[in-house]
Amino acid sequence: MTGEDPGPLVRLFGLTGGRARPPGESFNLVAIVTTVSIPFEQPDLGPEYLAILRTCRRPTPVADVAAQLRLPINITRVILGDLRREGLVTIDRPQPAAQAIDERIYREVLHALRSL
């Protein structure tokens, strides 16, 4: 060994155990991650895993998680997949815009159209 720092790529490779894809169902960059629970004892969770759990206490898109932690998106997805498998986070597809509109707004539009 030369004593030189192996660099961030080697560390990231070790962080994911060499995996490049998350376990389970795939998810995209706009999927919403929410922490379900943070275990009281965390002996098996690395600092990146804990940082994601703290970051996602409020619903956060996958892309924002990666940006906040300054991790490559593939590494972030693997870690998120691990956390989902352990039941510590949920990863949900964002609602289409049509479903995100409140029913009240539809009624107001309908009322306005009827008054024309």
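The next residue is Arg70, and its phi is positive, near 55°. Arg70 is not a glycine. Most residues other than glycine have a negative phi. Arg70 sits in the loop between H3, residues 62–69, and H4. Helices here are DSSP runs of H or I with at least four residues, strands are runs of E with at least two, and both are numbered from the N terminus.

Before going on, a word on the source. This is a predicted model: local features need pLDDT of at least 70, side-chain atom pairs count only at pLDDT 80 or more, and totals for chains, interfaces and linings use all residues. Residues are numbered from 1 along each chain as its sequence is written, and side-chain values use heavy atoms, leaving out hydrogens and water.

Is Arg70 buried or exposed? Exposed, because its relative accessibility is 77%. The cut-offs: buried is under 20% relative accessible area, exposed is over 50%, partly exposed is in between, with a 1.4 Å probe and protein chains only.

Now H3 itself. Its buried residues are Val62, Val65, Ala66 and Leu69. Down the helix axis they fall within an arc of 95°, so they line one face of H3. That arc is taken from the directions from the helix axis to the C-beta atoms. The face turned away carries the exposed residues Ala67 and Gln68. What covers the buried side? The cover includes strand S1 (32–35), H2, strand S2 (60–61) and H4. Contact means heavy atoms within 4.5 Å.

Next, two of those helices together. H2, residues 47–55, packs with H4, residues 73–85, at about 75°, and the axes are 10 Å apart. That makes the pair roughly perpendicular, a label for angles of 65 to 115 degrees. Axes are lines fitted to C-alpha atoms, for helices over the stretch in contact, and angles run from 0 to 180 degrees between N-to-C directions. H2 brings Glu48, Tyr49, Ile52 and Leu53; H4 brings Ile79, Leu80, Asp82 and Leu83.

Last, the sheet. It is open, with three strands in the order S2-S1-S3 and antiparallel pairing. Strands pair if DSSP finds at least two bridges between them. S2 and S3 (89–92) are at the edges with a single partner strand each, so one side of each has no neighbour in the sheet. S1 and S3 pair over four bridges. Which residue of S3 is the bridge partner of Val33? Ile91. H4 packs on this sheet, touching S1 and S3, and its direction makes about 115° with that of S3.

Key: Parallel < 35°, antiparallel > 145°, perpendicular 65-115°, else oblique.
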